[in-house]
Amino acid sequence: MTTTLEVQQIPCLSDNYGYLVHDTVSGLTATIDTPDTGPILQALETKGWRLDFIFNTHHHDDHAGGNLALKEKTGCEIIGPRADAGRIPGIDRQVGEGDSVTLGEWQFTVHDTPGHTRGHIVYHCQQAGVAFVGDTLFALGCGRLFEGTPAQMWDSLQKILSWPDQTLIYCAHEYTQANARFALSVEPGNTDLVARDVQISAARERGEPTVPTTLALERKTNPFLRPHSSNLQQTVGLVGASDVEVFTRTRELKDSF
Ligand code: ZN
Ligand code: FE
């Protein structure tokens, strides 16, 4: 039997993605966050999987709102951020920077990525080349800063940027088309971005997701990872400024775009 980590993507609510992660050897299954119980239970039934774990990224209702209902129905164990344990419904196990969480043979390393919320965490499985980043990084975007500073978010994004280029990035929302409009406004001279925008529009017209993305593609086209870009620096009026200054201005401009 080949060892596989299977990922099932589940559209939830208006623009969320839930994910089931399944180890084919042990038969263990985790859901990354709990945006909505109905579609998650339906996906479990369709696949014939039992839910063993919830891996929460942060406390927002569209990520942890289904925790208690799913725990009651399945008896699963809830794993979530230590830094925000008080706001994760039903939390059983608290994790933070450098901890690892296992699903059968697969090991996920946890990183603290404060910024969107003060206790946000992400899960990276180096063996499988996949990462679940919640609302920290989006295709062509990054999370809004509800509870953190731009400098914190920039540090959080550096952790993600240290992973291999081919890492598949599973974000929690389908925001890509709107993000592309903003990205083009601040980096109009980026030919990779212009080409990606065309592909995104075509995919959305066919009703296809634009998530997961790869770190390689984000490095080339996501303005929030490109403060070194001279085109971006010119557009935001900060030529020669530090990375965190350019990132901060870019995030501010997106908030009022
Ligand atoms: Zn959120
Ligand atoms: Fe969200």
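Student: Which residues of helix H5 are buried?
Tutor: The structure is a predicted model, in which local features need pLDDT of at least 70, side-chain atom pairs count only at pLDDT 80 or more, and totals for chains, interfaces and linings use all residues. Residues are numbered from 1 along each chain as written, chains are lettered from A and ligands numbered from 1 in written order, and side-chain values use heavy atoms, without hydrogens and water. With buried meaning under 20% relative accessible area (1.4 Å probe, protein chains only), the buried residues of H5 are Thr176, Asn179, Ala180, Phe182, Ala183 and Val186.

Student: Against which elements do the buried residues of H5 pack?
Tutor: Packing is judged by contact, that is, heavy atoms within 4.5 Å. By this criterion, the buried residues of H5 meet both strands and helices. The strands are E11 (137-138) and E12, and the helices are H6 (191-205), H7 (215-221), H8 (230-236) and H9.

Student: How many helices and strands does the protein have?
Tutor: Both kinds are DSSP runs numbered from the N terminus (helices H or I, at least four residues; strands E, at least two). On this basis the protein has nine helices and 14 strands.

Student: What is the radius of gyration of the protein, and what would a compact globule have?
Tutor: The C-alpha atoms fill a box of roughly 55 × 40 × 30 Å along the principal axes, and 51% of the 257 residues count as buried. The globule rule, for C-alpha atoms, is 2.2 Å times the number of residues to the power 0.38. For 257 residues that rule gives a radius near 18 Å, and the protein agrees, at 18 Å.

Student: What share of the contacts between residues at least 6 apart in sequence joins residues at least 24 apart?
Tutor: Phe247 and Ala30, which are 217 residues apart in sequence, lie 34 Å apart in space, C-alpha to C-alpha. Among the contacts between residues at least 6 apart, the share that joins residues at least 24 apart is 58%.

Student: Which residues does Phe247 contact, leaving aside neighbours within four places in sequence?
Tutor: Phe247 is found in helix H9. Its relative accessible area is 1%, so Phe247 is buried. With those neighbours left aside, Phe247 is in contact with Cys142, Pro150, Met153, Trp154, Leu157, Phe224 and Pro227.

Student: Which strands stand at the edges of the six-stranded open sheet?
Tutor: The sheet runs in the order E7-E8-E9-E10-E13-E14, with mixed pairing; two strands pair if DSSP finds at least two bridges between them. An edge strand here pairs on one side only. The edge strands are therefore E7 and E14 (213-214).

Student: Which residue in the hairpin of E7 and E8 takes a positive phi?
Tutor: E7 (residues 100-103) and E8 (residues 106-112) pair in the antiparallel sense over four bridges, and Val101 has Phe108 of E8 as its bridge partner. Two residues lie between the strands of this hairpin. The residue with a positive phi, near 60°, is Gly104.

Student: Which residue of E9 stands opposite Val110?
Tutor: E8 also pairs with strand E9 (residues 121-125), in the antiparallel sense over four bridges. Within E9, the residue opposite Val110 is Tyr123.

Methods
Buried < 20%, exposed > 50% of the residue type's maximum accessible area, 1.4 Å probe, protein only.
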